[in-house]
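Open the model in your viewer and keep the selection tool ready. We will go stop by stop.

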Amino acid sequence: MDAAGDFRLDELGTVQFERLCVELLRLDTDRADPHPWGLSLRLPEGVDAPGAGRLGGPALVLVAWIRPGASAPERLRDLVADALASSEARSVLVATNLPAAPIPGIRATVLGPAELWQLYADAPTVRFRVPSALGVADLDALVPAEAARRSTADVEAALELARVFVPTRAYLESLRVLERHRFAVLTGPPEMGKTAIARIVGLAALTDGWEVHECIRPDELWTRFARDRRQVFVADDAFGSTEYRPDAADRWAVELDAILRAMDDRHWLLWTSRPAPLRAGLRRIHREHGVERFPQPAEIGVDTALLDVSEKALVLFRHAKAAALPHRATELVRAEGWRIVSHPHFTPERIRRFVAGRLRELASGSSSTDVAALVADEIREPTAAMAESYRALAPDHRAVLLALLDAPPGPVSERDLAASVRRHSPAGLPRPPAEIVDRLADHFVRPVRPAGVTWVHPSWRDLVIDELAHDAASRRAFLHACGVHGAALALSTAGGAAGERALPLLHDDGDWDALADRLAELVPELDAPETTLVLTALAEARAQPDGAERAELDALAAETLERLARAWSSVPGGVPVGLLAEWLALASDLPQRPALPALAATWVELAPTRPVDLGSAAETTAFDDWTVLAELLREHEPDALARFDFPAAQMSELAAYVDRAWVEVDAAHRDTIVRTLRRLARLVPPLSLSAGLCARRLELRAVELEHREEELVELRPLSPELERLLAQPLPSRHDDESVVARVLRDL
């Protein structure tokens with residue numbers, strides 16, 4: 001089937017079809033009259049008809065969605081005739097979901113799916129503003145092959161979303177923020193569509209030739225970044241999926257200034273996060289790193305929590321339409337639509353699960369009275385049904401889901417999952433993990449190409465954590481076998497739907513002992529990122545209000561720090577400075593501070609022995625690390641710094657660095673050099689003035705260049721329709737039930 005023939009406008013319904021045509025034809029809805037089938041406009045000045053030229057005025061424009069069926073052409077003819085009878089129009093333009101054909105007895109220009117498809121294919125801005133139609137279009141014809149090849153995002157997941165996606169006010173606000181700031185943060189409670197918004201923005205961009213990349217870490221962003229190509233980067237659950245991950249906040253903080261400078265009208269960044277991890281992450285960013293360029297949250301934050309009645313009705317409509325429900329189930333949705341939409345616990349994800357699961361069962365066997373109560377129960381407490389599903393699984397299926405809790409964040413490779421399964425089920429499972437994943441697919445987990453798996457939705461991960469937390473034997477077994485990610489889960493904070501969950505697997509002395517024993521085994525083998533994860537998890541856990549767990553946390557932190565110090569004593573080349581900073585920050589807050597690791601090898605490795613080449617990334621970074629080490633020692637172990645005779649023994653190298661920075665700075669390393677100069681101004685009194693002035697000069701130069709670039713950027717204006725949609729007031733409660741009925745009538 002050709003692309004135009006595959007523009008399935010019948011699936012949109014009246015409301016969404018109307019929005020599509022308003023954008024494609026650039027209609028002023030303030031002048032329109034609403035009708036059950038769409039809208040009409042009388043334009044005295046005439047109208048431009050795509051493919052037919054200018055139609056003289058007065059012109060009548062009709063946007064009419066007609067339910068498919070044998071009598072559909074007659075119904076279209078009747079409504080056009082009725083509209084003409086009262087309009088005295090000289091010309092008529094009709095946009096409809098029916099194939100374009102002459103209307104018997106009426107002279108009219110008709111735009112059907114083929115004509116509207118051509119307009120849609122030629123209008124990338126409309127695809128951004130009305131992404132609903134992406135779900136009924138032939139995207140193979142829209143997506144440039146080269147952009148698709150370069151993209152690393154989960155395009156298949158975005159395609160699945162497109163069939164049920166509704167462009168809510170939060171989605172439109174996300175577009176506005178991206179167009180103005182190139183960076184947006186989508187936040188809200190679980191199940192409200194944060195990930196869906198980000199992926200659909202990416203999908204719409206992909207149809208316009210942008211690359212789309214999902215990135216868990218900043219280094220993934222930089223690996224894929226290309227200045228000469230248009231790119232959207234999506235950091236889904238930037239600070240942790242179902243609980244806060246301080247190591248993720250640290251990684252973003254270190255790179256955030258440079259990343260935000262790189263965002264422009266050809267490069268966009270979208271973060272998604274639940275509110276509690278976002279708050280914790282931003283606190284850490286500002287507390288530990290002092291990022292100066294981070295915009296005000298009110299400028300770039302988009303709250304996805306609030307849906308109005310029409311948006312909820314459209315969410316229900318799209319899921320029901322995409323599910324191809326039997327007649328009885330469709331009638332049930334129409335009959336119970338108001339109860340579903342007005343339910344205080346309505347979320348898009350609960351509707352997805354309800355339509356995909358219990359709806360058919362309810363439609364097949366209950367009386368109308370029972371159905372009303374059961375529908376309400378299903379929307380209010382889906383967790384009960386989810387828990388029943390989990391408990392009904394075979395032991396090997398539950399084992400794979402528990403192993404998935406102990407894997408790295410984001411899509412998990414088959415290799416990582418298999419390693420986690422071996423840790424938690426050393427005797428093996430009756431079936432290979434990949435086969436079990438296939439059986440769990442689309443209910444608990446979903447496959448991710450090329451060879452990975454992730455949760456269908458974070459709420460399933462929440463549920464498995466809660467089930468594990470309430471089973472003492474399983475909890476203890478998990479802690480005895482876990483890897484570093486399982487240990488971080490045990491120490492996590494700001495988890496759960498409302499951020500209320502903390503230390504979820506540490507309920508009694510046995511749990512603490514199990515975790516301590518496991519960390520004792522893990523610590524000597526940890527690499528740098530894993531060590532950072534453990535240290536930041538311990539620090540964040542201790543940052544919570546004092547409670548009964550504080551003594552246990554202090555003991556666990558002290559023991560972990562001591563083991564790390566012993567392990568580092570034999571590391572060739574010394575200790576990475578970033579790890580030492582985390583170690584010292586945690587150690588300094590303990591009641592009894594552990595002994596400092598041996599640092600002579602680290603100092604010797606980093607201390608300069610000749611002038612630094614400011615054009616070399618390796619040398620400027622090493623020198624910066626050395627000054628960080630000096631500052632850490634001055635704060636935490638001044639006697640150790642004195643034994644290294646700092647700064648007297650290195651004064652010639654220090655002075656040479658400042659002198660070179662006045663005349664010889666590579667723009668690529670400017671940020672690192674400025675940080676180093678600021679630090680030298682604090683550490684070395686004889687260089688305080690010259691280092692501080694040099695840093696300020698470089699900062700002013702960077703601002704000047706940045707302003708020049710910004711002068712060349714022209715922000716794309718928002719369409720009048722988008723501005724109107726963002727500004728329009730919420731409908732009154734008096735109209736709510738009629739809105740729901742109008743939307744669901746088209747099922």
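Select Asp-624. Leaving aside neighbours within four places in sequence, Asp-624 is in contact (heavy atoms within 4.5 Å) with Thr-672, Arg-675, Thr-676 and Arg-679. Asp-624 sits in helix α30, residues 617-636. Helices (H or I, at least four residues) and strands (E, at least two) are DSSP runs, numbered from the N terminus. Is Asp-624 buried or exposed? Asp-624 counts as buried, at 7% relative accessibility. Buried means under 20% relative accessible area, exposed over 50%, partly exposed in between (1.4 Å probe, protein chains only).

A word on the model: it is predicted, so local features need pLDDT of at least 70 and side-chain atom pairs pLDDT 80 or more, while totals for chains, interfaces and linings use all residues. Residues are numbered from 1 along each chain as its sequence is written, and side-chain values use heavy atoms, leaving out hydrogens and water.

Next, select Trp-222 and Phe-225. Their ring centres are 5.7 Å apart and their planes at 70 degrees, so the pair is edge-to-face. Rings of Phe, Tyr and Trp (its six-membered ring) pair if their centres lie within 6.5 Å; planes under 30 degrees apart count as stacked, over 60 as edge-to-face and the rest as tilted. Trp-222 is partly exposed, at 30%. Phe-225 is buried, at 18%. Phe-225 and Phe-233 are stacked: 6.3 Å centre to centre, 20 degrees between the planes. Phe-233 is buried too.

Last, select Trp-603, Phe-623, Trp-626, Phe-644, Phe-646 and Tyr-657. Ring pairs link them into a cluster.
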